[in-house]
Structures are given as C-alpha cells and as structure tokens.
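Subject: Structure handover and notes

Hello,

Here is the structure for your files. My notes on it follow below.

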Amino acid sequence: MSYTIQQIAQVLKSKSPVTGEGLIDHILTDSRQLTFPSTTIFFALKGARRDGHIFIEELYEKGVRYFVISDPVNQDAFPDAVFIEVSNTLIALQTLAGFQRKQFNIPVIGITGSNGKTIVKEWLSQLLHDDYRILRSPKSYNSQIGVPLSVWPLNESHQLAIFEAGISQSGEMERLKKVIEPTIGIFTNIGSAHSEGFLNNRQKVNEKLRLFTDVSYLIYCKDDPEVQQAVAALWQQLSKGQGTPFTIINWSTVSEASLQILTLYKDEGKTLISAVWKGETIDVSIPFTDAASIENAIHCWCLLLHLGISSAIIKKRMAQLIPVAMRLELKKGINHCSIINDSYSADLNSLKIALDFLTQQRQQEKSTVILSDILESGLPEKELYQQVAAALQQRQVTRLIGIGERITLNRGLFDQVQGMETLFFKTTENFLAAFQQLTFKEETVLLKGARVFAFEQIDRLLVQQQHQTLLEINLNALISNVKQYQQLLKPGVKVMAMVKAFAYGGGSFEIARVLQYHKIDYLAVAYTDEGVALRKAGIHLPIMVMNVEDAGFDALLQYNLEPDLYSIDLVKTFADFLSKQGIRHFPVHIELETGMNRLGIAGNELPVLSELLLTDLFKVQSVFSHLVASEDQKQDDFTQKQLQLFTEYADKISALVPYGFLRHIANTSGISRHPELQLDMVRLGIGMYGIDDNQKALQEVSTLRSTVAQIKKVAKGESVGYGHKEVLDKNTTIATIRIGYADGYPRNLSYGVGKVWVNGVIAPVIGTVCMDMTMVDISEAGNVKEGDTVILFGKEISVKQVAQWAQTIPYEILTGVSTRVKRVYFEE
C-alpha cells in the first residue's frame with residue numbers, strides 16, 4: 001500500500017504542520033539499505049551510540065525527501081524535503097506499522113518465547129505455503145525495530161501473516177503487540193535467554209504473554225508449570241471482564257491436553273509422534289530426533305490441526321520438514337571465490353538482508369548473485385522483479401544468474417541494469433548442465449534460492465573442499481559485543497578496534513569489513529603489511545600501525561596508513577623520510593611510556609619530542625599509552641598512577657601543538673572497570689570476541705570444531721598415542737578427531753588435561769595430542785558415530801576454560817589457531 005505524506009503525518013500526529021506532496025511506499029531506518037529514494041521515508045532513530053539524524057544530509061543527497069525526526073533540523077538546508085516532527089522516532093515507526101496492520105483483517109500468528117521462534121515461523125511457512133499467501137518476518141526480525149519493518153510490507157494479496165516477537169526487558173512487549181495485533185498466539189518455551197532484563201523467570205513469562213491478551217487462540221506446552229500457571233492467570237484475568245479470554249490449545253507429554261502426546265519413538269534420524277486430538281488417535285513422523293525440534297514441530301502440529309488441515313496432509317507435510325538455515329555463511333570457494341549460501345528461502349525481504357551481507361563481506365571487485373524465482377511475494381510479478389533489479393543495482397552487483405521460469409520471463413527488467421551481466425536458466429538442472437562452461441573466479445557469489453530449486457547442488461560445486469576442522473566466526477555475536485561496550489561509553493567517545501594478529505585468529509579482513517559496515521571509528525594493526533592487506537581489500541577506515549619499521553615507510557604513504565611513533569629515534573627517522581619525500585602534515589600517533597616498559601616515549605624525552613613535533617611534517621592524530629593491569633582490582637592504584645602520568649605528558653604535548661588530538665589509554669578491561677579512563681577514544685580488543693570477566697552479557701564469537709575420523713574399542717592394558725605413556729586401566733572406546741598441534745590445539749592438553757564436547761558430553765583427551773590428530777575417550781559419550789561434530793571450544797566449552805587447561809591465556813589460544821584451519825563467517 002502507498003500512503004501520502006499527509007496521511008503519514010496525520011497518523012504520526014506531527015508536532016508541526018506538514019506541507020508538500022508525495023507517495024510513500026518504503027520505510028527506511030538504515031541509510032546503507034536505501035533502494036528507492038523517491039518513495040522512501042526515513043525514520044531518524046536514536047540509539048545508544050548513533051543518532052539517525054546525522055544521516056539526513058547523506059540521504060538527501062541520494063534523493064530521499066521525506067524524514068521523520070525528533071530533534072531540530074535546519075530545514076532551510078533541505079529546501080524540498082518534508083519533515084514530520086515527533087517526540088520519539090522509534091514509537092513513530094511502530095505507530096505507522098501498527099496502522100498498516102489494522103488495514104487488514106486476516107489471521108496473524110504471533111510467536112514469542114525464549115527459543116524456537118524463528119524455527120517455528122519458518123516451519124509454519126513450509127507447512128502452509130500451499131494453502132495461503134504468507135507474509136512472515138525475515139530471518140529473526142523480532143526486535144523493537146525488526147517487528148515494524150516485518151509488518152510494513154503487508155498488502156491485499158496476503159492471506160496469512162506470521163511474525164515473531166522478542167524482548168529483553170519489561171515494557172517492550174506491549175509496544176510490539178500494538179504492531180502485530182496477533183489473532184493466534186504461539187508461546188514456544190521459557191529459558192534463560194535475556195533473563196538479565198527481568199526480576200525473575202515469572203516476570204519474563206508474564207511480559208512475553210502480553211503479546212496474547214487479544215488473541216482468539218493460544219498454543220503452548222503445558223508441561224512447564226511456570227508457563228501453565230502464568231497462562232491460567234492471564235486467562236482468569238481476561239475472563240473477569242478485563243478482555244475476552246482466548247481459547248487454549250495446549251499440548252503435553254505427561255497430562256491431559258488439547259493434543260495429548262502418547263509416545264515419542266526415535267529411529268534412524270526420525271521421530272514418530274502419536275497423540276490424541278479431540279478423542280482421535282493420530283500420528284506424524286518428523287525427520288529430527290533432538291528435543292528442540294520435537295517441541296517446535298508439535299507447536300506447528302497444533303496450529304495445523306486448529307486450522308482444520310486433514311491429518312493425512314499434515315502427516316505428509318511434517319515428514320518433509322527440512323532444517324532451517326539460521327545463518328548466512330561465508331565460505332572459501334573455488335578459484336579464489338567467496339561463497340555466501342542463503343539457499344533455503346527466497347523472498348524479497350530476506351533477499352535484501354542477504355544482499356546487505358554481500359555488500360558488507362564483499363571481498364572481490366566482482367560479485368555474482370545466483371537467484372531463483374521468488375514465489376508467493378504478494379506483489380504483481382513485474383513490480384516484484386523491478387524491486388529485485390533495483391536492489392541489485394543499488395548494491396552494484398556485477399552479474400546475475402537467474403534460475404526459474406518466472407525470473408527468466410522478466411529478464412528484460414534486469415538487462416536494463418547498467419554494468420550488470422545477466423544469464424538465465426529455466427531450471428537448476430539446466431544451470432548444472434552448463435556449469436563447466438561458466439566462469440567463477442575471484443568474485444563473491446551469493447546463492448539465494450527457494451528450497452524447491454535445490455541450490456545445495458550448486459553450493460557443492462562452488463565451495464572449496466575443506467579440511468573438516470573449522471573455526472566459525474559469529475559476526476552477530478561480534479557486533480553484539482561491540483555494542484555492549486559502546487553502551488558503556490560517554491557520548492562522543494570513539495572506538496578503535498584492534499584487528500592485529502589476524503584479528504585474534506578470526507581473520508583480519510572479514511572482521512574489519514563488518515566493523516566498517518557498523519561504522520567503527522578506527523582500526524589498529526600490528527604491522528604495516530597487515531594494514532596494506534586491509535587497504536587492498538577495500539577497508540577505508542583510518543588504520544593505526546603499531547609496530548612500524550623503516551622498510552615499510554613507503555607503504556604507509558602509498559596506502560594512507562598512520563604510524564605509531566613509539567621512540568625518539570623512530571620519530572626522527574620518519575621525519576627525515578617525510579622531509580625527503582616533501583610530505584607535510586602526515587597523520588601519526590604518539591605512544592607514551594607510563595609503566596608498561598615495552599614501547600613508548602618516556603617523560604624525560606618529551607622536550608626532544610616537542611621540538612620534533614613543532615615542525616609541519618606531522619599531524620598528531622592521537623596520543624596514547626598502554627595500561628598494565630586494568631583488569632586487576634589489586635592494581636587499581638597503579639592504573640590511576642598511569643592515568644596521572646599520561647594526563648601530565650599529554651597536557652605538555654597539547655600545550656605545544658596548535659591543534660587538538662585524541663587521547664586514549666583504556667583497553668577492553670579499562671572500558672569495563674574504569675569509566676574515568678575513557679577520554680576521547682578507547683581501544684577494544686579481546687572483548688569483541690567475548691573474553692572479559694567484567695562483562696557477563698558477552699557472547700563467544702569463535703567456535704573451533706572438527707569431526708570424528710575413526711572410533712576404536714581399545715582393550716585394558718593397551719596404550720594410546722605416541723610414547724607408550726597412556727596405558728589403559730580399563731576397556732575404552734576412543735575417537736580420533738581431525739585436529740592436532742599443527743592446527744593450533746596445544747600439545748600440553750594431552751593425557752586428560754584437555755577436554756572436548758561430543759554428543760552432548762565432555763570427553764577427555766587420551767594419549768598425546770599429535771600433529772594432525774587427537775584422541776579422546778568417548779566411553780561415556782553414548783552413540784558417537786564417525787563423522788560426528790566435536791567442539792574444541794565455543795559455547796559448549798569456553799576458550800577461557802581451554803586456556804586454563806593449557807596454562808595460558810585466551811589470546812594465545814585464539815591467535816594460535818593455524819591458518820590451515822578454514823574460517824567460516826556467518827550471520828544469524
């Protein structure tokens with residue numbers, strides 16, 4: 001639907017008169033995702049660290065003319081723009097989306113709970129797509145911003161909508177309810193996620209249930225007493241005149257329920273579930289055996305039964321459920337390509353998300369999108385593919401390979417995109433037959449296809465065969481951690497992200513790309529060649545090089561890298577170099593010695609430094625020092641002494657140079673424990689990866705995983721591994737896993753010191769860690785099979801725990817993971 005700007009102003013109750021005309025089709029909250037400027041309205045949202053109002057000028061230059069603001073704007077600077085003034089732009093966004101929702105009288109399913117929301121939503125879409133034209137939340141868009149963005153595309157063609165809602169603190173669900181207005185509710189479960197925002201579990205349950213105060217039906221599992229009590233209390237409250245009570249559709253494995261589960265029989269990767277529904281015994285089979293999948297599937301089963309779908313059709317569809325890819329993965333491909341696989345669905349919203357990930361992680365100049373038909377979008381076909389073409393053009397995609405009859409029929413819309421090569425195939429089989437004649441080399445490739453097109457066959461052709469030991473990097477967790485620290489900072493304090501040492505083992509370029517996309521202020525690397533590699537890869541953020549050598553001076557100039565000048569001799573040498581090159585005002589950073597006694601200019605050397613800085617060769621960007629023990633409460637007096645020295649030295653430099661510069665001394669622990677050390681900028685390192693005892697909400701970013709190569713039964717009295725030192729005192733089942741000290745798994749984790757996670761059990765290392773293999777005792781681990789996944793560190797076993805076993809620090813474990821271990825980057 002389109003709205004006039006006047007209609008939107010009226011809905012949002014603009015605080016000042018709005019003049020001007022125009023139709024609005026699109027809403028925008030992220031300036032990087034602009035596609036249709038002339039019909040877009042931008043909501044200038046204000047976050048903890050970033051204010052959307054600062055992007056108004058940029059968007060105006062790109063053609064946007066409609067803005068929702070909460071802060072004063074010099075409107076004379078934007079002569080033909082229309083501004084709607086509100087008190088709170090986020091509430092305005094939710095209000096507009098809520099107004100849009102009220103225009104349609106269709107079934108709307110609202111899903112909330114601690115876990116399983118996205119899985120249930122995606123499975124319902126799989127199960128119901130033959131019966132309804134469905135709009136659903138893209139990926140896990142369930143936040144205060146994500147929910148209104150999910151609801152906005154609702155239009156006359158949709159027959160059913162499925163939205164998920166997630167909250168992290170009290171008061172949030174009431175706002176999301178007004179946007180979604182569900183008619184059917186599904187409560188998945190209650191767990192520990194986001195508990196820090198609530199007094200206790202019961203408050204969290206009650207808050208989540210606020211989504212369902214006006215639903216006609218509520219689906220949930222009654223086996224959790226806390227959930228059952230909360231639902232009963234809400235039902236009683238509504239029945240006493242505070243609303244209309246919903247009809248309960250519950251299920252249980254232990255007591256009488258709407259759907260009473262009788263048996264769960266697991267066999268060969270499948271689970272047969274039998275139950276009683278309205279007095280009739282029915283059953284389904286699902287291709288999963290884990291408890292979470294069974295729970296999610298039963299929620300879906302309840303809804304299908306409620307909708308009146310026949311048991312025979314339900315049985316057929318449930319047996320065909322497929323796993324939901326919860327994340328976008330970046331993998332190494334053939335011929336130096338990078339492959340992004342998002343081939344489990346194809347709809348307009350998720351396509352834009354995938355294209356944004358492509359833009360964020362684009363590693364080569366060329367980019368190819370392999371895209372299937374987009375099914376059941378709810379838009380007229382020509383309009384749909386016009387929007388797709390515009391999205392590809394806006395992200396500067398250089399090649400489109402379309403697969404499917406509908407996209408091929410609309411090829412003319414894509415042929416009009418300047419600078420984009422196009423190829424079309426009516427089926428995936430046609431593409432596979434032509435694959436050998438196609439060229440994929442040194443480009444980033446996005447696979448985006450509806451599941452019926454079986455793009456996994458294409459993925460197998462494009463992805464480089466990998467050593468089965470992988471280091472997975474969760475980019476969502478990385479950014480979440482960064483935001484945790486940003487929330488601790490005072491307004492205006494900048495962040496320098498440390499990406500030295502291959503970004504703590506995570507991959508410098510990939511990490512730098514996501515940090516740049518999220519508008520970090522500065523990067524720091526250890527050596528010049530690391531900075532050069534980032535520049536060659538398209539990183540344009542300012543980069544400080546912390547360990548500069550004379551041989552790298554030319555590269556500093558060529559690639560606009562900023563050296564850390566940590567000694568008087570280095571200052572003199574670099575000054576001579578700049579003078580010979582005729583360079584003036586080159587950006588540099590001055591490192592001061594305040595107690596680390598590693599690198600840095602001492603206080604008694606400041607007079608000499610001052611003379612050198614009085615020339616016009618340098619432009620001092622920042623002055624900084626290193627904290628020795630900011631994490632240790634016992635050393636807080638020494639930390640304060642360092643601050644005093646640093647302030648004294650920096651003040652002396654400031655008195656001499658005729659301009660301002662940034663001051664920074666706080667590292668990760670300094671940010672957490674010493675707010676007074678924030679100054680103008682902070683340096684964030686290991687905390688980005690989830691390692692900081694002072695921040696409990698951080699997430700592990702890195703997961704080191706391998707697989708079982710072989711399983712053996714070894715008799716009592718035999719030995720395992722080199723040296724004949726580990727002689728077994730009992731019959732033991734061992735698994736040999738594909739990782740060793742050449743991969744970075746420390747050899748001192750031998751003989752039971754180290755442990756791994758396999759099949760839900762912690763299993764000790766047995767014998768010596770070998771160069772390429774490690775043996776573990778899986779006698780207590782149940783039915784482990786060859787090929788099963790083994791976690792060396794991650795969510796299951798923290799890298800900090802592994803470091804303690806190895807008698808070292810997490811830095812060493814992370815940076816020690818060998819480059820032969822493939823890195824896989826993903827967003828959920």
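The sulfur of Cys-300 lies 9.3 Å from the closest cysteine sulfur, that of Cys-302, which is too far for a bond. A disulfide here means a pair of cysteine sulfur atoms within 2.5 Å, and the structure holds zero of them. Cys-300 is buried, at a relative accessible area of 0%, and Cys-337 is buried as well, at 3%. The accessibility classes are: buried under 20% relative accessible area, exposed over 50%, partly exposed in between, with a 1.4 Å probe and protein chains only.

Before the rest, the conditions. This is a predicted model, in which local features need pLDDT of at least 70 and side-chain atom pairs count only at pLDDT 80 or more, while totals for chains, interfaces and linings use all residues. Residues are numbered from 1 along each chain as its sequence is written, and side-chain values use heavy atoms, with hydrogens and water left out.

Helix packing

Two packed helices are described by the angle between their axes and the distance between the axes. Axes are lines fitted to C-alpha atoms, for helices over the stretch in contact, and the angles run from 0 to 180 degrees between N-to-C directions. Helices (H or I, at least four residues) and strands (E, at least two) are DSSP runs, numbered from the N terminus. Contact means heavy atoms within 4.5 Å.

Cys-300 belongs to one such packing, as it is among the α9 residues that meet α4. The axes of α4 (residues 117–128) and α9 (residues 291–306) come within 10 Å and cross at roughly 45 degrees. The two helices are therefore oblique to each other; the scale is under 35 degrees for roughly parallel, over 145 for roughly antiparallel, 65 to 115 for roughly perpendicular, and oblique for the rest. The crossing of α4 and α9 is right-handed, a crossing being right-handed if the near helix is turned clockwise from the far one by less than a right angle, and left-handed if anticlockwise. On the α4 side the contact has Ile-119, Val-120, Trp-123, Leu-124, Leu-127 and Leu-128; on the α9 side it has Ser-293, Asn-296, Ala-297, His-299, Cys-300, Leu-303 and Leu-304. By class, the contact of α4 with α9 has 10 nonpolar, three polar and no charged residues. For these classes, Ala, Val, Leu, Ile, Met, Phe, Trp, Tyr, Cys and Pro are nonpolar, Asp, Glu, Lys and Arg are charged, and the others, Gly among them, are polar.

Helices α1 (residues 5–12) and α3 (residues 89–101) have axes that come within 9 Å and cross at roughly 110 degrees. That makes α1 roughly perpendicular to α3. Their crossing is right-handed. Ile-8, Val-11 and Leu-12 of α1 meet Ala-92, Thr-95, Leu-96 and Phe-99 of α3, and this contact has six nonpolar, one polar and no charged residues.

Helices α11 (residues 348–361) and α19 (residues 508–517) pack at about 120 degrees, with their axes 8 Å apart. Asp-356, Thr-359, Gln-360 and Gln-361 of α11 make the contact with Phe-509, Glu-510, Arg-513, Val-514 and Tyr-517 of α19. The residues of this contact divide into three nonpolar, three polar and three charged.

Loops and backbone

Gly-404 sits in the loop between β19 (399–403) and α13 (405–409) and is buried, at 1% relative accessibility. Not counting residues up to four places away in sequence, Gly-404 touches Asp-373, Phe-425, Lys-426, Thr-427 and Phe-453. Its C-alpha is 9.8 Å from that of Asn-430, 26 residues apart in sequence.

Ser-143, in the loop between β8 (134–136) and α5 (146–151), is partly exposed at 34%. Leaving aside neighbours within four places in sequence, Ser-143 is in contact with Pro-148, Gly-166 and Leu-176.

Most residues other than glycine have a negative phi. His-336 lies in the loop between β16 (328–332) and β17 (338–342) and is exposed at 63% relative accessibility. Gln-396 lies in the loop between α12 (381–394) and β19 and is exposed at 59%.

Regards
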